[in-house]
Amino acid sequence: MKIVCGKDYKEMSRKAANIISAQIILKENCVLGLATGSTPIGTYDQLVEWYEKGDLDFSQVSTLNLDEYRGLAADHPQSYRYFMNNQLFKRVNIDISRTHVPDGLEPDADKACADYNNIIHEMGGIDLQLLGLGHNGHIGFNEPGIAFETETHCVDLTETTMKANKRFFEGDEQVPSQAYTMGIKTIMQAKKILVVVSGEDKADIVKRAFAGPVTPEVPASVLQLHNDVTIIGDEAALSKILA
Ligand code: GLP
């Protein structure tokens, strides 16, 4: 496990974007596993900037997103499909038909998950998986207690996660209580994994996940068993493991 420190959010984002762009340059038809949440926004902005400069070409790239809220349509402003379209896909020359997010509107959870697993298998797995880290150690929406052997499945979100994500929803609008998420097994099969973490509020969970025991109670801790993981954080998020 490699730990890379950027002095602040901007530098952390640039370093993460550097690794993703290297992947695209080395393999133009790579499969990128992508994440939502606030942390990767700076990384996506940096990739867009390099694309606009003419340094990056997304035309052959395919993507697989980690997760989607169950019940939200692609055009719902809080859906992860909407987030990805606006933060990245519409801003670069990616072929939108090569971008994949679980179908939040598929009411049959078994079907939604089986369909997504089929897409992942057909694409031959993930070259580089980008991950954020939840305050309770979740990756994607794999909440504490999840078995490490799972593929795409439907999850009940924990109170902490719903509370953390409430900031994105307006007024009385309820945060969905369920989501479809790629499983730990699939994430662990990615050839390379890149975790981005920012801010003091992540320092404790970063320590538990990457300097503590490997346990399903902290889903991200399983990443310690992967042979090509890079954690990129700003000084605040890494303060308790680099001190
Ligand atoms: C959500 C997403 C995760 C993300 C996490 C952390 O719950 N499902 O994939 O990593 O939030 O988000 P943030 O980067 O905003 O802290």
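Biologist: Why is Q174 called exposed?

Modeller: In this predicted model, Q174 has a relative accessible area of 65%. The term exposed applies over 50%, so Q174 qualifies. The residue is found in the loop between α5 (159-165) and β8 (178-181). Q174 and N136 are 38 residues apart in sequence and 21 Å apart in space, taken from C-alpha to C-alpha.

Biologist: What makes C154 partly exposed?

Modeller: The relative accessibility of C154 is 27%.

Biologist: Why is the span of helix α1 described as close to the expected one?

Modeller: Helix α1 covers residues 9-26, 18 residues in total, and reaches 26 Å from its first C-alpha to its last.

Biologist: Which residues of α1 are buried, and what covers them?

Modeller: The buried residues of α1 include M12, A16, I20 and I24. Their cover includes strands β1 (2-6), β2, β6, β9 and β10 (229-234), together with helix α2 (41-53).

Biologist: What makes β6 a strand with both faces covered?

Modeller: In β6 (residues 128-131), L128 and L130 lie on one side, Q129 and L131 on the other, and all are buried. In a regular strand the side chains alternate between the two faces of the sheet.

Biologist: How do you know that β6 pairs with β9?

Modeller: Pairing calls for at least two bridges, and four join β6 to strand β9 (residues 192-197) in the parallel sense, so the two are paired. Within that pairing, L131 stands opposite V195. Strand β2 (residues 31-34) also runs parallel to β6, with two bridges, and the bridge partner of G33 in β6 is Q129.

Biologist: What volume does the largest pocket have, and which residues are closest to its centre?

Modeller: Its volume is about 670 Å³. It is lined by 36 residues, of which T36, G37, S38, N165 and R167 are the closest to its centre. Helix α3 gives the most to the lining, with five residues.

Key
Residues are numbered from 1 along each chain as its sequence is written. This is a predicted model: local features need pLDDT of at least 70, side-chain atom pairs count only at pLDDT 80 or more; totals for chains, interfaces and linings use all residues. Side-chain values use heavy atoms; hydrogens and water are left out. Buried means under 20% relative accessible area, exposed over 50%, partly exposed in between (1.4 Å probe, protein chains only). The expected span of a helix is 1.5 Å times one less than its number of residues. Contact means heavy atoms within 4.5 Å. On a 1 Å grid over the protein atoms alone, a cavity is a set of points where a 1.4 Å probe fits but cannot get out, and a pocket is an open set with protein on both sides within 12 Å along at least five of seven lines; lining residues have an atom within 4 Å of a point. Grid points are joined across faces, edges and corners, and a volume is the space filled by probe spheres set on the points.
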